[in-house]
Each structure stands twice: as C-alpha cells, then as structure tokens.
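I set down each point as I looked it up.

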Amino acid sequence: MRWAASYAAQVNSRSDLDIAEERARDLLQVTEYSTLGEVTARDSAEFARAAGETDPRMTDSDSPDFVVHPMYVVSLLRAAPGRVDEDLRPDGMFRTEVPGTDGLAVRLMAGGQDVTFHRPCLAGDYVDVSRTLIWVERKDGKSGKFLLMTVAKTYTARGRGIIATLNERFIVR
Amino acid sequence: MNAEALRPWSCTPSHVQLARFSAATWNFHRIHIDPIAAAEEGLPGPVVQSTLFAELAWQAVRQWLSEASPELVCIEWRNNRPVSAGQTIRWVCTEVTREGRPPDELVTLSLAALLADDEAAVAAAVTVRASSI
C-alpha cells in the first residue's frame, strides 16, 4: 500500500496556490451575474472627490451639469454589501473577487485593466455586472511561482444597454 | 499635439485619500488602509488602489487637454510595482497616436507614472475621441 501513502503525500503536499489554480481552471468560461444596484449622483460624486477630482460636474451632485464619473461603476467592487463580514477574506478582499481563491492562504494583487466605454452611465441607472474568468496561467518569477488570471466583465444599465466592458488581471501568489 | 510638449503632472495620494477611495468603492483590501497588513505582504505601507491609478491617469490627460472636454473611449493600465501612500507620482506622456478618420478619429495618449527613482510604477494608455478635444 506504499502507492496509497505516496499518493496521499502528493495530494497533501499541494499548496494553496496549486488548489487555487485547479479551482480556477474549473471556473474558466463560467459566467457569474450580480448587480451594483442603482447608481446615485451622491455616491458617484463622493467617488469623484475621493479620486481627487476637481471638476464640479463630477464632484457636485447638485450641479445642473452633473455627470457620473466614467470610472465610477467599473471601480466598484460591490454594491452596498449586506452581510459584510461573511463575504470577506481575512485580508479584506471579497471571497469571490478572485475566482478560486476563497478560503486559501494566497496573496492577491491587481495587475491592471483595459476598459472600453460604450455609453455614459447616468444617475438613476440600475447596473448589472457579468463576470467570466477567461484566462489562467501559472508563471515562475523572481519571488516564486504565481498565477495570472484575467476576468472579463460587462456592465449593463437596465433598459439602456452596455456601459462598459473590461478585462481585469489578477496576480495570485 | 506631441508628447514632448505635455508637461509632467504630479500627484501624491495620501493615506486619507486611500482610505476614502476604498470606502467609496467598497474595497476592504487591507493593503490599501492597514500598515500592518501591508507590511505582512512585504509592502512598505498602504498602497494605491489599482483603479485609483486609472483615475489619476485620466486626470493627467485632462490637465493636458484642459481646453477641452474629452470623451473617454478606452483606458488601460498595467501595474508594474506598488506605490505607497505619500509617494509622489509624476505622470508623463510618452507617446500620442491617432487612428481612424473624422468623425471617428481617436487619439491615444500613452503615459507612465514615474516615481522618484524614475522607474515606471504604472504604464497606461488613455484613448479619447478626437472630435471632443
């Protein structure tokens, strides 16, 4: 039964990174749907101010020329969450933000994005989001092995159409 | 418009800004707000959020196109190294390219976010509609 012990040893020696990769590959091309809820001028204006914006058209929700900051909805990680503590990893990331990493002792970093804007988001829009993991790659770097993951997202205003599409890259160590 | 004529634009994200930005985006990742958590991940301090880099790149472009109200078509960026709160970022335009024909012509400004050692923490590209500038 030495083979069983050897197999068990191999399985048990899998790192959390190995497990994350395995789970992620199972999630490739699986689309998840969620909603950001209603976009409000007040929240968008606070976002603009937090980003250091000075243009009153984006920072003053009472401005007659008010426009939602173009990066607002694509920067949101969630709508106002409900059971916040249960949704979060110990590092503060949402458990489902990086596919396959829930419950694993891996470090997560954002690698960047490319975003295409299709139509302006308007205050009052109800925005839905679809997310699909489209790429998983294991790499070797100076600091050790890591995973590169790419998630494709589509933001849609109900009744009006697509606001933005993007690819977002994550680094998992 | 050529890249050399566009003066660098600098900004210095503060700890307070990072905390405020995390709140506004429901981003509770502790590396942006907690010095201890940042240190545990080998970072010198709380680091600038990825999407905040994009906002700052957009602000830099609008500084350079200050006479216009540019229409944002695309934005892309790559995070090369973390930037801590309190570090000054100097945005420089490295290239300006045009594609297409009026009225659909697009202008892309490529940017680098340079730190004090002149290393590029972020490489970005912002595309606007030429008719809007």
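Predicted model: local features only at pLDDT ≥ 70, side-chain atom pairs only at ≥ 80, totals over all residues.

**Entry: chain A as a whole**

I looked up the elements of chain A and found six helices and five strands. Read along the sequence, they follow the pattern α-α-β-α-α-α-α-β-β-β-β. Of the 173 residues in chain A, 31% are buried. I also looked at contacts in chain A with a separation of 6 or more: residues 24 or more positions apart account for 66% of them.

In what order do the strands of the open sheet lie? I read the order of its ten strands as 1(A)-3(A)-4(A)-5(A)-2(A)-2(B)-5(B)-4(B)-3(B)-1(B), with antiparallel pairing. The edge strands are strand 1 (31-38) of chain A and strand 1 (9-11) of chain B, each of which pairs on one side only. On average, and with direction ignored, neighbouring strands of this sheet are turned by 25° against each other.

I then followed strand 2 (residues 108-117) of chain A, which pairs with strand 2 of chain B in the antiparallel sense over five bridges. Within this pairing, A:Asp114 has B:Glu76 as its bridge partner. Strand 2 of chain A is also joined to strand 5 (residues 161-172) of chain A by nine bridges, and these two strands run antiparallel. A:Phe117 stands opposite A:Ala164 in strand 5 of chain A.

Next I checked what helix 3 of chain B lies across. I found strand 2 of chain A, together with strand 1, strand 2, strand 3 (89-99), strand 4 (106-114) and strand 5 (120-129) of chain B. This helix runs at about 130° to strand 2 of chain B.

**Entry: where the chains touch**

I found 29 residues of chain B in contact with 26 residues of chain A. On the side of chain B that touches chain A, helix 1 (15-24), helix 3 (50-64) and strand 2 (72-79) each supply at least two residues. By class, that side has 15 nonpolar, eight polar and six charged residues.

**Entry: a pair of helices**

Two packed helices are described by the angle between their axes and the distance between the axes. The crossing is left-handed.

Which residues meet here? From helix 3 of chain A they are A:Glu46, A:Phe47 and A:Ala50, and from helix 1 of chain B they are B:Gln17, B:Arg20, B:Phe21 and B:Ala24. I sorted the residues of this contact into four nonpolar, one polar and two charged.

In helix 3 (residues 41-50) of chain A, the buried residues are A:Ser44, A:Ala45, A:Phe47, A:Ala48 and A:Ala50. Their cover includes helix 4 (56-59) and helix 5 (72-75) of chain A, together with helix 1 of chain B.

**Entry: one arginine**

Is A:Arg78 buried or exposed? I placed A:Arg78 in the loop between helix 5 and helix 6 (84-87) of chain A. A:Arg78 is buried because 20 other C-beta atoms lie within 10 Å, and the cut-off is 20 or more. Leaving aside neighbours within four places in sequence, A:Arg78 is in contact with A:Phe94 and B:Trp26. A:Arg78 and A:Phe94 are 16 residues apart along the chain, and their C-alpha atoms are separated by 8.8 Å.

How values were computed: Residues numbered from 1 in each chain as written. Chains lettered and ligands numbered in written order. Contact = placed C-beta atoms within 7 Å. Helix = DSSP H or I, 4+ residues; strand = E, 2+ residues; numbered from the N terminus. Nonpolar A, V, L, I, M, F, W, Y, C, P; charged D, E, K, R; others polar. Pairing = 2+ DSSP bridges. Buried ≥ 20, exposed ≤ 12 C-beta atoms within 10 Å, placed from the backbone. Left-handed = near helix turned anticlockwise from the far one by under 90°. Axes fitted to C-alpha atoms, helices over the stretch in contact; angles between N-to-C directions.
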